[in-house]
Amino acid sequence: MAPSLIGMIRATTQLAHKRPRAAGRGHWLRATAVLTALACSACNTVSSVTNALVGGGDAPKQGQPGYVQGFLGAAVADEPRAALAAREILSAGGSAGDAAVALGFVLSVTLPSRAGLGGGGACLAYASDRKSVNGGVPEAVLFTPVAPSVLSNSDRPAAVPMLARGLYLLHARYGSLPFEGLIAPAEQLARFGTPAPRALVRDIGTVAGPLLADPNARAVFSQNGTPLTEGQTLIQPDLASTLSRIRVSGVGDLYTGTLARRIVDASPLAGGPLSLADLTAALPRLSPAIVLSNRFDRVAFLPPPADGGLAAAAGFAVLQHDPSAFGPATARALAVAARWRQGGGDAEALL
């Protein structure tokens, strides 16, 4: 499977000062293992970030968990630690965009089979205030995987990694807490280890043969050549170094700096080649969401190339007329997505 982001990122918050709500969604480990082995910089700790976030005094300050009292929203993820990390950000006074960024980076550690740094994804974001950055209209932040300029003959070709840039754009428009602090929870889990979650263990089991044939992946996702089992310690020092480098030097280093050059050099081992020009030119973008009316509400879906949103919109349109028509809704969703994959075109026309 080519590396892409399938995991789902959802975070919502309802605070007194109307923080924005954001949602998004987000394949595979061999490329991720090579990418995470690229940064061999010194093991910077996150103590400076922690010290900056935790102030003195009895009452928690903004940036410190517990700052928000009462209802603070909700976070949903395919892996529990990622959801908890997002909730901590909400508790610290972060926006839903902040929570989604922290959640995405933690998933790159705890569930890289679905949200690795080597993949990409898409997010829906919305702030109701017409003076907000999106003018009160739902928008999509698209950072789906991009094909390299030179295609390889690999059975699992690598795509240009887009996750970090996509999360950075999401934060630039909807974040409020320092970006580097949102990387810290993921960096700590990678450096000090975390129990292997059930979802990751199942994903490893599905592709254990070809995955563990790669020495980098075998070192991370197995113990003595046997795939990790649920609860065994998953520790990723190379990924921690990569996240540390991004935190200290910025996301740009992954696309134009030292990390970018290491990716280019190592990419043939992960289904490449990738070029520096591929990395530099791969930028996330903003796009209008697909919006359907539903009585007095309006429902937003991700637009192509995140064709899962297009499929969901097609199925939803069928269910509006007959809420029990699950079979026809599924068939319509698959047909519309297949049609778009064959020839592209205008999403609204396909619907």
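A residue is buried when its relative accessible area is under 20%, exposed when over 50%, and partly exposed in between (1.4 Å probe, protein chains only). The structure is a predicted model, in which local features need pLDDT of at least 70, side-chain atom pairs count only at pLDDT 80 or more, and totals for chains, interfaces and linings use all residues. Residues are numbered from 1 along each chain as its sequence is written, and side-chain values use heavy atoms, with hydrogens and water left out.

Charged pairs were examined across the whole structure. The search finds 9 salt bridges, each defined as a side-chain nitrogen of Lys or Arg within 4 Å of a carboxyl oxygen of Asp or Glu. One of them joins R245 and D253, at 3.0 Å from N to O. D253 is buried, at 10% relative accessible area. R81 and E79 also pair through their side chains, at 3.1 Å from N to O. Here E79 is buried, with a relative accessible area of 1%, while R81 is partly exposed at 24%.

Another salt bridge links E139 and R173, whose closest N and O atoms lie 2.7 Å apart. This pair connects distant parts of the chain. E139 belongs to strand 5 (residues 139–143), R173 to helix 6 (residues 163–174), and 34 residues separate them. Helices (H or I, at least four residues) and strands (E, at least two) are DSSP runs, numbered from the N terminus. E139 is buried at 9%; R173 is partly exposed at 24%. D78, R114 and D203 form a network of salt bridges.

Nonpolar packing was considered next. A nonpolar core is a set of buried Ala, Val, Leu, Ile, Met, Phe, Trp, Tyr and Cys residues joined through side-chain atoms within 4.5 Å. The largest core holds 64 residues, and F105, L170, F221 and L243 have the most contacts inside it. Helix 4 (residues 96–110) contributes the most, with 9 residues. Beyond its neighbours within four places in sequence, L243 is in contact (heavy atoms within 4.5 Å) with residues including F105, V109, L117 and I183. A second, separate core has 10 residues, among them F301, V336, W340 and L350.

Helix 15 (residues 307–321) has 15 residues. Its first and last C-alpha atoms are 22 Å apart, close to the expected 21 Å, which is 1.5 Å times one less than the number of residues. Buried residues of helix 15 include D307, G309, L310 and A311. The buried residues of this helix pack against strand 11 (290–294), strand 12 (297–301), helix 16 (326–343) and helix 17 (347–350).
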